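Dear colleague,

Please find below the structure that I am handing over to you. My notes on its sheet follow.

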Amino acid sequence: MPDMDKRHPTSDPYAFERLRVLKEFQPFCQGGGAGLFVALSTRAPSDSMHDALTKSAAALRWGSDGITFISRNGTDGDSLTDDALYQLIEGFDPICLVICDTESAAACASAYHLSSPIDPRYRLAGRCVRVFDDLEAQLETEHGRESVWGELKTLPQFPF
């Protein structure tokens with residue numbers, strides 16, 4: 001059996017699909033391309049949100065580059081349609097999904113054809129999901145940061 005560390009990443013069909021999705025949706029994605037821990041927001045994350053979620057992903061043992069950020073409004077001025085958002089999430093097939101604002105939660109519910117809103121703690125197609133009304137605003141206070149971390153640390157740690 002070949003040494004797994006020496007194989008080309010595209011010899012793994014899941015890694016190949018993630019690379020394909022990352023390339024197709026590049027204007028909407030930032031961060032690590034593994035796509036196993038994903039943060040979805042309406043706009044690109046601010047520095048404080050980026051840092052807080054990156055540190056949280058590292059603390060949960062996903063690695064310092066273990067988080068992929070998806071912004072529904074891309075760097076090219078386009079916005080993700082419901083179908084594109086569905087394809088992007090399913091293509092990455094994350095284990096953890098953090099939804100950073102109510103608009104993104106509504107878009108995600110629409111993309112998955114859900115009849116009710118996504119709850120703050122949810123399982124979506126087998127994924128652990130945490131939803132925040134406005135993660136950016138919560139990170140502005142000590143109490144908010146503690147509340148955010150309290151929710152994030154309930155997500156699975158890697159390796160399981």
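Two strands are taken to pair if DSSP finds at least two bridges between them. With that in mind, the bridge partner of valine 98 in S6 is arginine 130. Please note that this is a predicted model.

The sheet as a whole is open and has six strands, in the order S1-S3-S2-S4-S6-S5, with mixed pairing. Strand S1 (29–31) and strand S5 (121–124) form its edges, each pairing on one side only. On average, neighbouring strands are turned by 25 degrees against each other, direction ignored.

Helix H3 (residues 82–92) packs on this sheet and touches S1, strand S2 (37–41), strand S3 (67–71), S4 and S6. The direction of H3 makes about 175 degrees with that of S3.

Strand S6 (residues 127–131) pairs with strand S4 (residues 96–99) in the parallel sense, over four bridges. Here isoleucine 99 stands opposite valine 131 of S6. With S5, strand S6 pairs in the antiparallel sense, also over four bridges, and tyrosine 122 has valine 129 in S6 as its bridge partner. The hairpin of S5 and S6 has two residues between the strands, and in this hairpin alanine 125 takes a positive phi near 50 degrees.

In a regular strand, side chains alternate between the two faces of the sheet. In S6, Arg127, Val129 and Val131 point one way, while Cys128 and Arg130 point the other way, and all are buried. Because five of the five residues of S6 are buried, this strand is largely enclosed by the rest of the structure.

Yours sincerely

How values were computed
Residues numbered from 1 in each chain as written. Predicted model: local features only at pLDDT ≥ 70, side-chain atom pairs only at ≥ 80, totals over all residues. Heavy atoms only, no water. Axes fitted to C-alpha atoms, helices over the stretch in contact; angles between N-to-C directions. Contact = heavy atoms within 4.5 Å. Buried < 20%, exposed > 50% of the residue type's maximum accessible area, 1.4 Å probe, protein only.
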